[in-house]
Amino acid sequence: MIFITAKFRVRPEDADNWPRIAADFTAATRAEPGCLWFDWSRSLDDPTEYVLVEAFRDDEAGAAHVQSEHFRAAQRTLPPHLAETPRIVNVTVPQQDWSRLGEMAVPGDA
């Protein structure tokens, strides 16, 4: 799978509304057949920073994502709300889902 984590620093005046601002892009991406997940989190330390954790089945699914109309629309509509260019980590990993964190195993959780 292609595993991507991106940090979005949002303009302070838009930070509380970011989930609404990104809602159409988020919903459309989650509906893509090759999208495994597409999840936003807000930083506990910086209320203007959102972290996006996303994964796509394979290279073809990742390519379909960046070539989609909703991706092109997001390229136009999201940057005016950003304070800086997002930072990204993009890697291919040989799995299709989350692994369990054995060091913090919960007894009885299979």
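How many aromatic pairs does the count come to, when rings of Phe, Tyr and Trp (its six-membered ring) pair if their centres lie within 6.5 Å? The count by this rule comes to 10 aromatic pairs. The model is a predicted one, in which local features need pLDDT of at least 70 and side-chain atom pairs count only at pLDDT 80 or more, while totals for chains, interfaces and linings use all residues. Residues are numbered from 1 along each chain as its sequence is written, and side-chain values use heavy atoms, with hydrogens and water left out.

**Aromatic rings**

Select Trp-18 and Trp-40, whose ring centres are 5.7 Å apart and whose planes stand at 80°, so the pair is edge-to-face (planes over 60 degrees apart; under 30 is stacked and the rest tilted). Trp-18 belongs to helix α1 (residues 18-21) and Trp-40 to strand β2, so the pair ties together parts that are 22 residues apart in sequence; helices (H or I, at least four residues) and strands (E, at least two) are DSSP runs, numbered from the N terminus. At 1% relative accessibility Trp-18 counts as buried, whereas Trp-40, at 21%, counts as partly exposed; buried means under 20% relative accessible area, exposed over 50%, and partly exposed in between (1.4 Å probe, protein chains only).

To view the cluster linked by ring pairs, select Phe-8, Trp-18, Phe-25, Phe-38, Trp-40, Tyr-50 and Phe-71.

**Helix α2**

Move to helix α2 (residues 23-30), whose buried residues are Phe-25, Thr-26 and Thr-29. Seen down the axis of α2, these fall within an arc of 100°, so they line one face of the helix, the arc being that of the directions from the helix axis to the C-beta atoms. Their cover includes β2 (35-42), β3 (49-56), α3 (59-66) and α4 (69-77).

**Thr-48**

In the loop between β2 and β3, select Thr-48, which is buried with a relative accessible area of 14%. Its side chain is joined to that of Asp-46 by a polar contact of 2.7 Å (a pair of N or O atoms within 3.5 Å; within protein, one must be able to donate a hydrogen and the other to accept it, and residues adjacent in sequence count only if both atoms are side-chain atoms). Leaving aside neighbours within four places in sequence, Thr-48 is in contact (heavy atoms within 4.5 Å) with Phe-8, Arg-9, Val-10, Pro-12 and Ala-15.
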